[in-house]
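Hi everyone, thanks for making time. I'd like to walk you through one model today, charges to start with and then the greasy parts. Have a look at it while I talk.

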Amino acid sequence: PGRYAVHLAPDAVAELMGLLSWGGFGLRALRTKTSPLLRMVEAGETFHPSVTIVEDTAGGTAPDFQEQGFRRPDRVPLVEAGRYAASLVSPRSAVEFEAPTNGATAQESPVSLDVAAGDLPAEDALKRLGSGIHVSNLHYLNYSDRTRCRATGMTRFACFAVENGELVAPIGVLRFDDTLFRMLGSNLIGLTRERETILDPLTYGGRSVASMRVPGALVADVAFTL
């Protein structure tokens, strides 16, 4: 247990984005006060200015229409320079809340999520980290305090202690518990210049067509609880 500087590989960043997509960008979640990003909209909380998140239909692998046939625009900016920009609006929410739809799914979750690249070369990430933890994967993510966008989850495959910019030893499983307003905001050191396209492997009920394009991230002072 303790607080460590962390290098999150793109797969780990994708896990955080997947959690954030659970109610974070939908109009219904905002209007019913259940969005984890409610404080961003109503209380002035922000992510780091380098964080820009877009529903990028034109650049993703999902089709440009949703399950009921409504068309999706090429791009919907969700977070711009750390600030909430727009919501995903399903046809049902469009009627309920009298807002124009942008072809979102019934769950109002991104299916072609794109996180803008930073300016940190990936090959220099561990050197910039210095000493801390390299996290290749996360899993079992959930909200420990949804109203404050506080997340918890476990490290998974190939996670290492880092000393003087070098991987020195594998680590045991750790649980983190921290707010994403810190991890993607005040404690974000930087995002990598290189990004990875990650295809959703889920086949429950059908083959998923969703994808993400995400960079790696350096984060200071992440709280690990056990």
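Let me start at R213, which counts as partly exposed at 22% relative accessibility. For the cut-offs: buried is under 20% relative accessible area, exposed is over 50%, and partly exposed is in between, with a 1.4 Å probe and protein chains only. Before I go on, the housekeeping: this is a predicted model, so local features need pLDDT of at least 70 and side-chain atom pairs count only at pLDDT 80 or more, while totals for chains, interfaces and linings use all residues. Residues are numbered from 1 along each chain as its sequence is written, and side-chain values use heavy atoms, with hydrogens and water left out.

So what does R213 pair with? Its salt-bridge partner is D56, with the closest N and O atoms 3.0 Å apart. By salt bridge I mean a side-chain nitrogen of Lys or Arg within 4 Å of a carboxyl oxygen of Asp or Glu. D56 is buried, at 7% relative accessible area. The two sit in distant parts of the chain, 157 residues apart: D56 is in strand 2 (residues 53–56) and R213 in strand 13 (residues 211–224). Helices (H or I, at least four residues) and strands (E, at least two) are just DSSP runs, numbered from the N terminus.

In total we have 13 salt bridges. Another one joins R3 and D178, at 3.9 Å from N to O. R3 is partly exposed at 46%, whereas D178 is buried at 1%.

Now the greasy side. A nonpolar core here is a set of buried Ala, Val, Leu, Ile, Met, Phe, Trp, Tyr and Cys residues joined through side-chain atoms within 4.5 Å. The largest one has 48 residues, and L8, M17, L20 and I53 touch the most other members. Which element gives the most to this core? Helix 1 (residues 10–20) does, with seven residues.

Take M17: leaving out residues up to four places away in sequence, M17 touches I53, L113, V115, L184, M212 and V214, where contact means heavy atoms within 4.5 Å. There's also a second, separate core of six residues, including L120, L126, L129 and L218.
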